[in-house]
Amino acid sequence: MTPPKNQDRPLDAGKAIRLARETLEIEAEAVLGLRQRIGDAFVQAVAMLLHVEGRVVVMGMGKSGHIGRKMAATLASTGTPAMFVHPAEASHGDLGMIKPVDLVLAISNSGESDELTAILPVLKRQGVPLVAMTGNLDSTLARHADVTLDSGVEKEACPLNLAPTASTTAQLALGDALAVALLDARGFKAEDFARSHPGGALGRKLLTHVCDVMRSGEAVPRVGPDVGFSQLMREMSAKGLGATAIVDTQDRVLGIFTDGDLRRLLEKGVDLRAGIASQLMHPNPVTIAVDALAVEAAELMEQRRITSVLVVDADGKLCGALNSNDLMRAKVI
C-alpha cells in the first residue's frame with residue numbers, strides 16, 4: 001500500500017505539541033504503572049538471572065526485538081553475560097546457540113508472536129529456564145514461562161492504539177530495572193563497568209594509570225643538585241616539560257625547578273647565573289605514585305594549581321613526569 005503524500009499538507013503546530021505532550025504523559029504513566037507490579041515474580045526473575053551458569057539469551061520480535069537487543073547490551077555491560085538471538089533465526093539454526101545452562105528472557109507484548117511461540121516447546125524440552133516479559137498473562141508465552149513479568153500497558157501512545165509505543169517503553173524500563181537490581185546483587189562497581197567500557201570516558205579514567213601516560217627514561221628532565229643555572233635551563237628546554245627534577249645520586253627526588261620558579265626569581269632580582277640547582281629549586285615538591293590512576297594526577301594538579309608533576313616509586317625515586325598536556329592527549333581530562 002502506497003503511503004499518502006503529505007508534502008503539501010500544512011503542519012498543525014498546536015496539534016503536534018499536544019500529541020507530543022500526550023505521548024510523554026501516556027508513556028510516563030505506563031512506566032509508573034509497573035511499580036505496583038514489582039514483587040515476588042520480579043525477585044524470582046532476578047534470582048534466576050543472577051545464578052544462571054551460562055548466558056542470558058534475550059529474544060523478541062519486531063519492536064520488542066529492538067528493545068531486547070538494548071536489554072542484552074545493558075545486561076552484558078553491567079556484569080550479566082547476555083546476548084540477543086532473533087526468534088526467526090533461532091528456528092533456522094540459531095537455536096544451537098542456546099544451551100541448557102543458559103536462560104531465555106523472551107519479550108512479547110501480546111505473548112503470541114508466532115516465531116517466538118514456535119520455539120518455546122523446544123526450549124522446554126532442552127530444560128532451558130524461561131523468563132517471560134509480556135503484557136498478556138494468559139498468553140502462550142506466559143503459560144510456558146517459569147516466571148512471568150507483567151509489562152502490560154493500558155493503551156499505546158499511538159493515536160490509533162496500534163504502533164508499539166507505551167508498551168515498548170514499559171519493556172525498556174522493566175529491563176533496566178532488572179539490570180540495576182542484578183548489578184547491585186553482584187556487587188558490581190564503577191571499576192567493573194570501566195573494564196567493559198575501556199574506550200569510554202569512564203574506562204579511561206578508571207583504567208588508565210600514571211605509568212601509562214607519563215614520560216619516562218631520557219624524556220624526563222633531571223639534574224643533580226650541584227649543576228649551574230645554564231645547565232639547569234638547557235635540561236628544561238631540551239625536554240619541553242616546563243620543569244626539571246633535581247635528584248641525588250640514587251635518583252631520589254630532592255626538588256623541582258619550573259618555569260614559574262624562574263619567573264618568580266627574576267621578579268625578585270635574584271642573580272640566577274651565580275646559583276646552582278639546590279639553591280634555586282623548590283624543595284619537597286608535589287609527587288605522585290607511579291601506580292596511581294591518571295585521573296588522580298589530574299585532580300592533584302588541579303588542587304595544587306600546578307601544570308606538571310613528578311612521578312616516583314615507593315622509595316621516592318624518580319620514575320617519570322607528566323603534565324596536563326600528557327593527560328589531555330590520553331583523554332583523561
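**Entry 1: the middle strand**

I began with strand 3 and strand 4 (residues 130-134), which run parallel and are joined by 5 bridges. For my own record, helices (H or I, at least four residues) and strands (E, at least two) are DSSP runs numbered from the N terminus, and two strands pair if DSSP finds at least two bridges between them. The model is predicted, so local features need pLDDT of at least 70 and side-chain atom pairs count only at pLDDT 80 or more, while totals for chains, interfaces and linings use all residues. Residues are numbered from 1 along each chain as its sequence is written, and side-chain values use heavy atoms, with hydrogens and water left out.

Looking for a specific pair, I found that Ser-108 has Thr-134 in strand 4 as its bridge partner. Strand 1 (residues 56-60) also pairs with strand 3 in the parallel sense, over 5 bridges. There, Val-58 stands opposite Leu-105 of strand 3.

**Entry 2: the core**

Next I looked up the largest nonpolar core, which has 26 residues. The term means a set of buried Ala, Val, Leu, Ile, Met, Phe, Trp, Tyr and Cys residues joined through side-chain atoms within 4.5 Å. Val-56, Val-58, Leu-149 and Leu-178 have the most contacts inside this core. Elements that each supply at least two residues include strand 1, strand 3, strand 4 and strand 5 (147-150). Helix 8 gives the most, with 5 residues.

I then checked Val-56 for contacts (heavy atoms within 4.5 Å). Leaving aside neighbours within four places in sequence, its partners include Leu-49, Leu-75, Pro-81, Met-83, Leu-103 and Leu-105.

**Entry 3: a second sheet and its helix**

Further along I found an open sheet of 4 strands in the order 6-7-8-9, with mixed pairing. Its edge strands are strand 6 (222-223) and strand 9 (282-283), each pairing on one side only. Strand 6 and strand 7 (residues 243-247) pair in the parallel sense over 2 bridges. Arg-222 has Ala-245 in strand 7 as its bridge partner.

Which residues of helix 12 (residues 229-239) are buried? I listed Phe-229, Leu-232, Met-233, Glu-235 and Met-236. Seen down the axis of helix 12, they fall within an arc of 160° (taken from the directions from the helix axis to the C-beta atoms), so they line one face of the helix. Turned away from that side are the exposed residues Arg-234, Ser-237 and Ala-238. The cover over the buried residues of helix 12 includes strand 6, strand 7, strand 8, helix 13 and helix 14 (277-280). Gly-240 follows helix 12 and has a positive phi, near 65°.

**Entry 4: a hairpin to finish**

Last, I looked at strand 11 (residues 308-312) and strand 12, which run antiparallel and are joined by 5 bridges. Ser-308 has Asn-323 in strand 12 as its bridge partner. This hairpin has 5 residues between the strands, and Gly-316 takes a positive phi near 80°. In strand 12 (residues 318-323), 5 of the 6 residues are buried, so it is largely enclosed by the rest of the structure.

Methods:
Buried means under 20% relative accessible area, exposed over 50%, partly exposed in between (1.4 Å probe, protein chains only).
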